[in-house]
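Subject: Structure handover and notes on what was found

Dear colleague,

I am passing on the structure we spoke about, and below it I have written out what turned up when I went through it. Please keep it open beside this message while you read.

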Amino acid sequence: MSKVYQATHVGKVRKNNEDSLIVIEPETFVVADGMGGAAAGEIASKMLIDITKNFLPAVPEPWDENILSKAILKANAAIIREAQQNENYRGMGTTATLLHFYKGQAYFAHVGDSRIYLLRGDFFTQMTEDHSYVETLVRLGELTPAEARVHPLKNILTQAVGAIDDISIDADNFPLNDGDIFLLCTDGLTNMVEDETIAEILISSENPAESLVKAALDNGGHDNITVIVVKV
């Protein structure tokens, strides 16, 4: 079994928290960062969480990367349908980052620019790729990662749940190691705190989720901040 820490905060700028998170027993973890006018982002991220929470327990384990992807696809169809039926929700969407452990294996599925990190020994690795305009430029060699962090278009996503019918989901699996530390987070953390500092907090803090949120707030807290930390 794993030790789990979780925290979410509205931040210092926004009036409402469009992030959502859930820990589904025994070992499934989900974060979602909603987007859209008024309260639409809140609606989209909550729909992703609710649909995942209802869908997965109805499916036999293991919930591998294909099953996790099906949960995202169900949420995608539902969010699109809701937006079509309610003009106040037009344009809403959400990121979706799902992680599941089963018998020594980790499975994940991912859309958007929320992230999964893995701290394994001395190596701190981002396991997901951001589906964003600036990340595309980084992969093409047109921007450095440092330039991407401050780029004015860094919040523009190329993939989001609820944006289009035919979304592209990143999904994979890999073996777990004893001592692995996983971080699922929204960009309210990663835009405010450098990776090196995040890794230090994961190692040293008694409650890393609360400490990571505090670090993001101390650095400005410009967005909603949501984190789940899982120590294997």
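With which residue does Asp223 form a salt bridge, and how far apart are the closest N and O atoms? Before the reply, please bear in mind that this is a predicted model. The partner of Asp223 is Arg14, and their closest N and O atoms are 2.6 Å apart. Asp223 sits in the loop between α7 and β11, while Arg14 sits in the loop between β1 and β2 (19–24), so the pair ties together parts that are 209 residues apart in sequence. The two partners can also be described by their accessibility: Asp223 counts as buried because its relative accessibility is 14%, and buried means under 20%, whereas Arg14 is partly exposed, with a relative accessible area of 42%.

Salt bridges elsewhere

The structure holds eight salt bridges. One of them joins Asp130 to Arg115, with the closest N and O atoms 2.6 Å apart, and it links distant parts of the chain, since Asp130 is in the loop between β8 (123–126) and α3, Arg115 is in strand β7, and 15 residues separate them. Asp130 and Arg115 are both buried. Another salt bridge brings together the side chains of Arg120 and Asp180, at 2.7 Å from N to O. Arg120 belongs to strand β7 and Asp180 to the loop between β9 (170–175) and β10, so this pair ties together parts that are 60 residues apart in sequence. Arg120 counts as partly exposed at 27% relative accessibility, while Asp180 is buried, with a relative accessible area of 1%. There is also a network of salt bridges that links Lys46, Asp50 and Lys53.

The largest pocket has a volume of about 520 Å³. Two or more lining residues come from each of β7 (115–120), α3 (133–139), α4 (145–149), α5 (187–190) and α6 (195–204), and the largest share, four residues, comes from α4. Sorted by class, the lining has 10 charged, six polar and six nonpolar residues.

The second largest pocket holds about 320 Å³ of space. It is lined by 17 residues, of which Arg14, Asp33, Asn155, Asp187 and Asp223 lie nearest its centre. The elements that give two or more residues to this lining are β3 (28–35) and α5, with β3 providing the largest share, three residues. The lining divides into seven charged, seven polar and three nonpolar residues.

Asp33, in strand β3, deserves a separate look. Asp33 is buried yet has no salt bridge, and the nearest side chain of opposite charge, that of Arg14, is 6.9 Å away. Apart from its neighbours within four places in sequence, Asp33 is in contact with several residues, among them Glu18, Asp19, Thr186 and Asp187.

Helix α7 (residues 208–218) has Pro208, Ala209, Leu212, Val213, Ala215, Ala216 and Leu217 as its buried residues, and what covers them includes β1 (3–9), β10 (181–185), α5, α6 and β11 (225–231). Just after α7, Gly220 takes a positive phi of about 130°.

With best wishes

Conventions:
Residues are numbered from 1 along each chain as its sequence is written. This is a predicted model: local features need pLDDT of at least 70, side-chain atom pairs count only at pLDDT 80 or more; totals for chains, interfaces and linings use all residues. Side-chain values use heavy atoms; hydrogens and water are left out. On a 1 Å grid over the protein atoms alone, a cavity is a set of points where a 1.4 Å probe fits but cannot get out, and a pocket is an open set with protein on both sides within 12 Å along at least five of seven lines; lining residues have an atom within 4 Å of a point. Grid points are joined across faces, edges and corners, and a volume is the space filled by probe spheres set on the points. Ala, Val, Leu, Ile, Met, Phe, Trp, Tyr, Cys and Pro count as nonpolar, Asp, Glu, Lys and Arg as charged, and the others, Gly among them, as polar. Buried means under 20% relative accessible area, exposed over 50%, partly exposed in between (1.4 Å probe, protein chains only). Lys and Arg count as positive and Asp and Glu as negative; His and the chain ends are not counted. A salt bridge is a side-chain nitrogen of Lys or Arg within 4 Å of a carboxyl oxygen of Asp or Glu. Contact means heavy atoms within 4.5 Å.
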